[in-house]
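Open the model in your viewer and keep the selection panel at hand. The stops below go from a helix pair to a salt bridge and then to a pocket.

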Amino acid sequence: MSPALLLMVLLAAGQQRGSTGAAACWVSCQRHVTDRALRAQAYARCMTGGRVDSWLSVIGSQGEDRRVLASARTDPDWRVRWGAVKAEARSRGVTERRVLADWVVDTSPGADLDACLTAARAAAEQGQSTADFLKEAGSRGPAAAARVWARRDAIREALELELYATDESVRPAALAHLGVFLSRSPARVVLEAMAGRPAAGDATVAASLKAVATRRQTSVGQLLLSEARPADEARVNRLFAVYSQELDALRPQLTSADASVRRGALASLRIYGPLARKELEAALGDDDRRARELAARALSDGSGGRVYLARQLQGATTGESARPWLEVLARDKGCAALLHGVASDKARPPAVRGEAVALLGDCPESARDSRKLGSYLSDPSSEVRAGAVRALASMPRSAEGAQAATHALEDPAPEVVAAALDAVADPRQSTHGDDAAELLGSEHPVVRAAAARALERIGRPPHVKALAECLREDPVVAVRVAAAQALANIGGPLAVAALSAAVSHDADTHVQHVSREGLRRLGFTR
């Protein structure tokens, strides 16, 4: 293969693998290897190795190879310098740490920064202090570690410069290595690096801190709040200003009509943790279940996990306020025991217990114990009975669910009847269309609305008359909206006439809008 063609192949591979791929390996090799035969071998290793130091695996310690290794120790990339140390150790049959210690100690004090920086980063890569890392270097290990620590200010300065590097790929490693070397948290490293530096570079270190938070499955807000001290206030506020701008860019997505857009924005908010508390708490009332769950999980993960979640549940007084936290539990391991614990706690508000029972239907562990779930059907609380109907009905191919829903249509509590109507509204198996049409005349608005919703799915032409009367005369807007949606789904001349009348005469603009959209679905415009 010609050198030009080989270069193009390497560059293409490097673009696919990033800055540590074949292209970076080739550039590094070019700096230090001049012998054509040796280059050919090194190039081949770049192709297969994919790391910036892959080419060093073909370098020995004799003749031209010794010059190459000495040159590689001067490379600007610490990984190449460390690769040269490993190559020499391999060829000499000694440990890498011994060669590293010899390099540090044998270099004159004024010229030892590359050696000391390489030692500090190689140790940090293993999560160790330099002293611990060089314990296995033999008798010269302690002296080498002392030399490295004596150069700590210069090492710190070099790594802080990398925190602000234009090449964003080097920043996370610099942050991680500096933290291990100085025994500092990532947040403390960033705050100290910001001292004396202009705010123009704040976005750079803010992004690095986000990368660390992502890797540790926490949030930048949590990292900063756990580390910040009064003296850090100005620098913390500078970082908060960067994150606030990013939050400002996400806020329009949180109000999108598209639930998938809102979910994406909420997933992005998780990395900010407490800094996005206001936005996350607002999303707990989202109409979309997945959006609510994302918000609740982000809030609990950033504030102590299960303990925080339990505290929020303890303070919940309504089903709506408890729902997001229970929805998180319903997807977690041990969901059956956790939800049963809430559902059976008579000290909790009945609405919260009922919500917990309803979500047992989403817990995979509950499917094996429908008898225990069915025991809630006789609970004195109507909210709990309604939850049991919803849970049993949500289980696939559940004979208990179908039977429970049929019996629940006769329950004296309106919320239980509404739950039953939602449960029987399955076009594949339900024969309860006439029951739903009859319940359009219930004295309870929640039942009438549920009946109309059921007829949207299981209604037939004979039910149009009752729905049209409901749309024309029911005093509750939510019921008229549900009736309009059902009429649009069933269709027919009577449905069109009822929807047209609602567009012209209904006093509520929402009812008018839904009726107009229904006509459009049926092929009419006005």
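Select α7 and α10 in this predicted model: the two helices are roughly perpendicular (65 to 115 degrees) to each other, because their packing angle is about 70°. Local features here need pLDDT of at least 70 and side-chain atom pairs pLDDT 80 or more, while totals for chains, interfaces and linings use all residues. Residues are numbered from 1 along each chain as its sequence is written, and side-chain values use heavy atoms, without hydrogens and water.

Helix α7 covers residues 113-125 and α10 covers 152-163, with axes 10 Å apart. Show L113, C116, L117, A120 and R121 of α7; they meet A154, I155, A158, L159 and E162 of α10 (heavy atoms within 4.5 Å). This contact has 8 nonpolar, no polar and 2 charged residues.

Next, select R151 and D112, which form a salt bridge with the closest N and O atoms 2.9 Å apart (Lys or Arg side-chain nitrogen within 4 Å of an Asp or Glu carboxyl oxygen). R151 sits in the loop between α9 and α10, and D112 in the loop between α6 and α7, 39 residues apart. The structure holds 45 salt bridges.

Last, go to the second largest pocket, with about 610 Å³ of space. Centre the view on E320, R323, E355, A386 and R390, the closest to its centre of the 20 lining residues. Helices α20, α22, α24, α26 and α28 each supply at least two lining residues, and α24 gives the largest share, 6 residues. Coloured by class, the lining shows 7 nonpolar, 4 polar and 9 charged residues. A pocket is an open set of points on a 1 Å grid where a 1.4 Å probe fits, with protein on both sides within 12 Å along at least five of seven lines; lining residues have an atom within 4 Å of a point.

How values were computed:
Axes fitted to C-alpha atoms, helices over the stretch in contact; angles between N-to-C directions. Helix = DSSP H or I, 4+ residues; strand = E, 2+ residues; numbered from the N terminus. Parallel < 35°, antiparallel > 145°, perpendicular 65-115°, else oblique. Nonpolar A, V, L, I, M, F, W, Y, C, P; charged D, E, K, R; others polar. Points joined across faces, edges and corners; volume = space filled by probe spheres on them.
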